[in-house]
Amino acid sequence: MKYQTQKIALAYFAVALALFAVQVTIGLVMGFVYVVPTFLSDLVPFNILRMLHSNSLIVWLLLGFFGAAYYLLPEESEREIHSQNLAWLQLGILVLGTLGVVVTYLFNIFEGNFLLGKEGREFLEQPKWVKAGIVVAALIFLYNVSMTVLAGRKTAITNILLLGLWGLALLFLFAFYNPSNLALDKMYWWYVVHLWVEGTWELVMASILAFLMLKLTGVDREVVEKWLYVIVAAALFSGILGTGHHYYWIGTPGYWQWIGSIFSSLEVIPFFAMMAFAFVMVWKGRRDHPNKAALLWALGCATLAFFGAGVWGFLHTLHGVNYYTHGTQITAAHGHLAFYGAYVCLNLAIITYAMPHLLGRDPYNQVLNMASFWLMSSGVVFMTFVLTFAGTVQTHLQRVMGEEFMFVQDQLALFYWMRLGAGVAVVLGALLFVYAVFVPRREVISQEPTVAAE
Amino acid sequence: MSAPQQDAPGLLDELPGEVMMWVLIVSELLVFGAGLAAFMAMRLTDPAGFAEAQAHLHRAGAALNTVVLVTSGLLAALAVRAAEAGREARKRGLLAAAMALGVVFLIVKGVEYADKAGQGIGMETHTFFTFYYLLTGFHAAHVIAGVVLLALVAVLRDPRATETGAAFWHMVDLVWVLLFPVIYLIR
């Protein structure tokens, strides 16, 4: 670690991983509710669990991005972070807001209150005061990182990262628009949800991946940057109008079916390019970096993102297909592998890479860390296959044969049991990862060769 | 060991103009290609309806526009030669003429759209018109962008910039030459 302020990342990563543990645990509980539907139903209804599961995912991924930015920006711009105190304040606001959301969800206090209560939405559901807090935290963050970059060296990686982070923050402003017309509400929330994960987040992903490739493989910066620009261009070209694939059946005009189908089909290209980029860099690279686990996560990220976001996304993005599969378990299969591959693995890759530097150590617990990759990844991949089969059966029974929703759900029980098993593997893998990252073995400093092995 | 590393950028460097422009051009061709393929597939489901809808189009206007745009492309190509020869004034004149023809194309297109609107034909009238408006409208947006881009490279003194602008303009040209027969002519 060359710069003192990179240490800020440690706190962000810690909070992110704590939330990650919460997120997957709630996911496991939901997996159990699927097979025993009465479980917890009086105490915490399923929709609340679902909001906790997806929102804690988003928040911890964002915290991971913030941590990654605080870690890599000083190294890229060759400057300390503009203000360390602002970074702490930002983290404090985000933690307070997260706690506020959880309390509001679970106990539904302040029902109906304009500022403090829930908004009754499926996505972007936070009380207004939390939304305002998020904006304040985002402004602090943008000010802090922009000042750092402006004062220092500008690289393609910092430019793309900043572009992604600014876009991400500005698009969140659409979360404040909550029209009573449900179709309009849905139309605008995709400006946040879609343009995040299939737009600005991809820029963040590409730049963090580029940073990792630069460090882990030792390939020339010039080569990395060329790839980075092509990936970003492909992501924005396909992703922005790709928003149309959310506008098939919500009351928007019919031409969206064609715009959405054509552009979102091309969204597979940037993900393919990122996978090709990662493997070509490793193949070309001359550096044999000791942190093998970080490289494994980075390659796993690019590969699983291609399959989860690219292939499983394309699977149901054409409107002729989506007419039948919309909102079935096919969507759940895609959602899980896409988020895991693209953004979970990305965060775990940068955390695995950064932690030894942040703790001032050589890479540690490599085997445990890699074991957690295989355990978690096989869990998610198995879950994806199971849900894909469940979704196929569901589509046929429910959408083609016209059977009742709950009657079909009963017939999917076997798949849901297998999904629960996959969930157990994921939770164990996540806990193993947290252990591998935060509990380094005592360093063996062999000044006296006799006590080397304890 | 470093030999293969130099090969890949070498291939890309052989392309005229900016590499990113070629990324854009390939992406555009994919989009228009997919749009045309979808259009032809949908026509198979309703040949009579598509033929009836097609009869409302201005073939002569579109043919005129083809001549206009191809000529404009020629002028842009000549401008690249002028730029490479360092003849700035000639380059600017040729680019201005190319842009003017681009504007003529847009005017003819505008007349066509106004006529459709007058007949009460909109995007939702028939699947044929959904595609008609999507494809030609999207193309017209690219003509506007192309005119702006040509104006930009006319000011820049870098011949590579002119090459890049002309490459985009030729793509706009090429797409129209594909759209014209498929949408207007083939029955």
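**Conventions**

I count residues from 1 along each chain as its sequence is written, and I letter chains from A and number ligands from 1 in the order in which they are written. The model is predicted, so I take local features at pLDDT of at least 70 and side-chain atom pairs at pLDDT 80 or more, while totals for chains, interfaces and linings use all residues.

**Entry 1: confidence**

I looked up the scores. The model has ipTM 0.90 and pTM 0.92. Where pLDDT is low, the predicted coordinates should not be read in detail.

**Entry 2: chain B overall**

I went through the elements of chain B. It has seven helices and zero strands. Both are DSSP runs numbered from the N terminus: helices are H or I with at least four residues, strands are E with at least two. From the N terminus the order is α-α-α-α-α-α-α. The C-alpha atoms fill a box of roughly 60 × 45 × 20 Å along the principal axes.

I then checked burial. Of the 187 residues in chain B, 32% are buried. My cut-offs count other C-beta atoms within 10 Å of a residue's own, placed from the backbone: buried is 20 or more, exposed is 12 or fewer, and partly exposed is in between. I also took the contacts in chain B between residues at least 6 apart in sequence; 77% of them join residues at least 24 apart.

**Entry 3: α5 and α6 of chain B**

I compared helix α5(B), residues 88-118, with helix α6(B), residues 127-155. Their axes come within 10 Å and cross at roughly 165 degrees. Axes are lines fitted to C-alpha atoms, for helices over the stretch in contact, and angles run from 0 to 180 degrees between N-to-C directions. The two helices are therefore roughly antiparallel. That label takes angles over 145; under 35 is roughly parallel, 65 to 115 roughly perpendicular, and the rest oblique. The crossing of α5(B) and α6(B) is left-handed. Left-handed means that the near helix is turned anticlockwise from the far one by less than a right angle, and right-handed means clockwise.

On the α5(B) side I noted L95(B), M99(B), F105(B) and L106(B), among others. On the α6(B) side the residues include V143(B), I144(B), V147(B) and L150(B). The contact divides into 14 nonpolar, two polar and two charged residues. Nonpolar covers Ala, Val, Leu, Ile, Met, Phe, Trp, Tyr, Cys and Pro; charged covers Asp, Glu, Lys and Arg; the others, Gly among them, are polar.

I stopped at A100(B), in helix α5 of chain B. A100(B) is partly exposed, with 14 other C-beta atoms within 10 Å. Its C-alpha lies 8.4 Å from that of V147(B), 47 residues away in sequence.

**Entry 4: α6 and α7 of chain A**

I did likewise for helix α6(A), residues 182-217, and α7(A). The axes come within 9 Å and cross at roughly 165 degrees. These helices are therefore roughly antiparallel too. The crossing of α6(A) and α7(A) is right-handed. Among the residues that meet are L203(A), A206(A) and M213(A) in α6(A), and L228(A), I231(A) and V232(A) in α7(A). By class the contact has 12 nonpolar, four polar and three charged residues.

**Entry 5: where the chains touch**

**Entry 6: loops of chain A**

G285(A) sits in the loop between α9 (268-284) and α10 (292-315). G285(A) is partly exposed, with 18 other C-beta atoms within 10 Å. Leaving out residues up to four places away in sequence, G285(A) touches T217(A), G218(A) and V219(A).

I looked up two phi values. Most residues other than glycine have a negative phi. L40(A) has a positive one, near 65 degrees, and lies in the loop between α1 (8-35) and α2 (46-77). N108(A) is also positive, near 45 degrees, in the loop between α3 (84-107) and α4 (128-151). L40(A) is partly exposed, with 16 C-beta neighbours inside 10 Å; N108(A) is exposed, with 12.

Note on methods: Contact = placed C-beta atoms within 7 Å.
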